[in-house]
Amino acid sequence: WQSVNLARAPLNDGKFHISLTVFMLGVTKALLLVKHYDITLIILLYCHLCCVGFGFLIPPSTTTTTRAFKSFKTTALLQPHFFVLHNAFTPTLASGRNKSNHKSSFILNMKEIKTEEREEQQEPTWCPEQQIYVGGVVPDHVEVQQLISSNKGSLRIFGYGSLCWNPGDSSLAKSEEGVTMALGRAVGWKRCWSQKSADHRGTPEFPGLVCTLLTDEEVRCIIAAEEKKKNGQMREHVGEEETAASMTEGVIYTVPPALVEDCLSELDFREKGGYSRDVIDVIEDESGKTVKALLYRGTPENPAFSKRALLDLPFAAAIMAVSTGPSGPNDVYLYNLDTFLTNAASSSSPAAAAAASFQNHNGDWDTRNLASMARFFFQKRHLYFLFGAGSNQHNQLLLYSKNNGSCLVNGEEAHDLKEIVLVVSSKEEENDSNGIGNAPRLAPPKTKRLFAGGGH
């Protein structure tokens with residue numbers, strides 16, 4: 001392990017050296033099984049010399065080596081090896097000290113190495129093609145390790161999206177190993193359906209939408225900026241409904257120390273679609289106690305953030321009605337979260353039910369409205385997704401919205417390519433508003449052609 005760490009920094013391409021080390025450790029494992037400790041020691045020394053010796057012959061660069069080392073580390077070859085190796089050499093190297101103490105010390109050292117590796121590994125790298133952070137390395141927050149230390153190694157995690165109803169097969173699902181969950185809420189934070197999803201509920205060609213958590217101030221700043229773009233000035237008066245703090249209901253997981261590292265690795269990979277680690281104050285519904293918890297969220301600055309989806313709910317609902325990805329249909333994600341919120345508000349616990357019913361706070365009405373719209377679109381409408389730019393003076397690009405959700409300049413000009421949703425009835429239905437006299441007009445059952453042109 002020390003050999004690879006020493007060689008890792010100066011290497012340009014670590015694939016050969018990592019492969020060599022994996023092979024030699026494989027031989028080592030076989031020798032240990034037949035108790036050839038003397039030959040094993042010689043091979044390990046050879047590995048050390050190879051890694052360090054060859055390392056200085058190649059120009060420094062860590063990118064490829066870190067990637068190769070990560071692949072090597074996850075082969076599950078190393079840890080079983082070193083546990084056997086440690087126990088085999090303890091009588092000789094430790095002069096008769098207690099083996100169990102050495103094993104405990106070794107486990108602690110391994111945890112320290114893992115922590116150091118995360119600090120030393122490459123910065124989060126966004127891949128525009130896949131629309132994910134490469135390798136599941138997400139932006140970290142300095143308070144996360146402090147949070148773990150203050151809780152004596154355990155960790156609280158606040159889930160507000162799919163973790164509310166689907167922890168999956170991850171460490172968070174291991175209730176038999178001490179993981180607990182309870183309803184909780186974040187005050188001053190708003191659940192926003194504005195995070196593009198190309199790896200779970202959509203694809204890079206047609207990303208879906210999932211939720212993120214923004215502070216009330218972040219939401220206000222985004223809205224104000226678009227109003228200024230539309231009207232040329234900021235609003236002076238803010239409505240009473242916008243001054244009340246938002247409240248987001250979710251689930252607080254408590255993870256025991258033994259599962260924290262695995263849990264963080266799993267969540268980093270799960271949330272690689274633009275999310276980053278953060279720390280948040282949450283309130284336990286049952287006790288009313290305020291605690292600090294780890295939060296994964298997509299900030300307004302992250303590459304997958306969709307300002308349009310935040311400001312234009314029908315647009316967001318249209319995407320969720322049709323998008324699907326490796327984790328399933330987008331609308332199922334939405335409906336499951338809507339069901340969770342309904343159940344939380346009708347909880348058998350009076351304290352939890354009162355907290356989840358949004359008393360004295362702006363509740364999560366967006367989720368309910370989006371679920372209703374997405375269901376309507378899916379059942380009764382054909383949706384066509386187009387692109388366009390230019391003038392929307394007469395709404396010819398179908399981009400008008402009250403709060404300038406399409407981010408048009410002066411409220412009517414698309415200076416960059418905009419996504420357009422054309423909504424057409426999926427079956428004949430009466431439309432009294434367009435009727436002449438008492439004779440209603442029937443909407444066409446199917447769109448036959450789509451035409452696009454320039455100018456007005």
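Which side chains meet in a salt bridge at 3.4 Å, N to O? Those of Asp-199 and Lys-272 do. A salt bridge here is a side-chain nitrogen of Lys or Arg within 4 Å of a carboxyl oxygen of Asp or Glu.

This is a predicted model, where local features need pLDDT of at least 70, side-chain atom pairs count only at pLDDT 80 or more, and totals for chains, interfaces and linings use all residues. Residues are numbered from 1 along each chain as its sequence is written, and side-chain values use heavy atoms, with hydrogens and water left out.

**Overview**

The chain has 15 helices and 15 strands. Both are DSSP runs numbered from the N terminus: helices are H or I with at least four residues, strands are E with at least two. Of the 456 residues, 44% are buried. Buried means under 20% relative accessible area, exposed over 50%, and partly exposed in between (1.4 Å probe, protein chains only).

**Salt bridges**

The structure holds 15 salt bridges.

| Pair | N to O distance |
|---|---|
| Lys-190 and Asp-366 | 3.1 Å |
| Asp-199 and Lys-272 | 3.4 Å |
| Lys-292 and Asp-281 | 3.1 Å |

Lys-190 sits in strand 5 (residues 189–197) and Asp-366 in helix 15 (residues 365–380), so this pair links distant parts of the chain, 176 residues apart. Lys-190 is partly exposed at 21% relative accessible area. Asp-366 is buried at 17%.

Asp-199 and Lys-272 are 73 residues apart. Asp-199 lies in the loop between strand 5 and strand 6 (208–215). Lys-272 lies in the loop between helix 10 (257–270) and strand 8 (276–284). Asp-199 is buried at 14%, and Lys-272 is buried at 10%.

Lys-292 is in strand 9 (residues 290–297) and Asp-281 in strand 8, so the pair ties together parts that are eleven residues apart in sequence. Lys-292 is partly exposed at 42%. Asp-281 is partly exposed at 40%.

A network of salt bridges links Asp-140, Asp-268 and Arg-277.

**Helix 12 and helix 13**

The axes of helix 12 (residues 313–322) and helix 13 (residues 330–345) come within 5 Å and cross at roughly 110°. Helix 12 is therefore roughly perpendicular to helix 13, a label for angles of 65 to 115 degrees. Ile-319, Met-320 and Ala-321 of helix 12 meet Asn-330, Asp-331 and Leu-334 of helix 13. Contact means heavy atoms within 4.5 Å.

Seven of the ten residues of helix 12 are buried, so this helix is largely enclosed by the rest of the structure. Among them are Phe-315, Ile-319 and Met-320.

Methods: Axes fitted to C-alpha atoms, helices over the stretch in contact; angles between N-to-C directions. Parallel < 35°, antiparallel > 145°, perpendicular 65-115°, else oblique.
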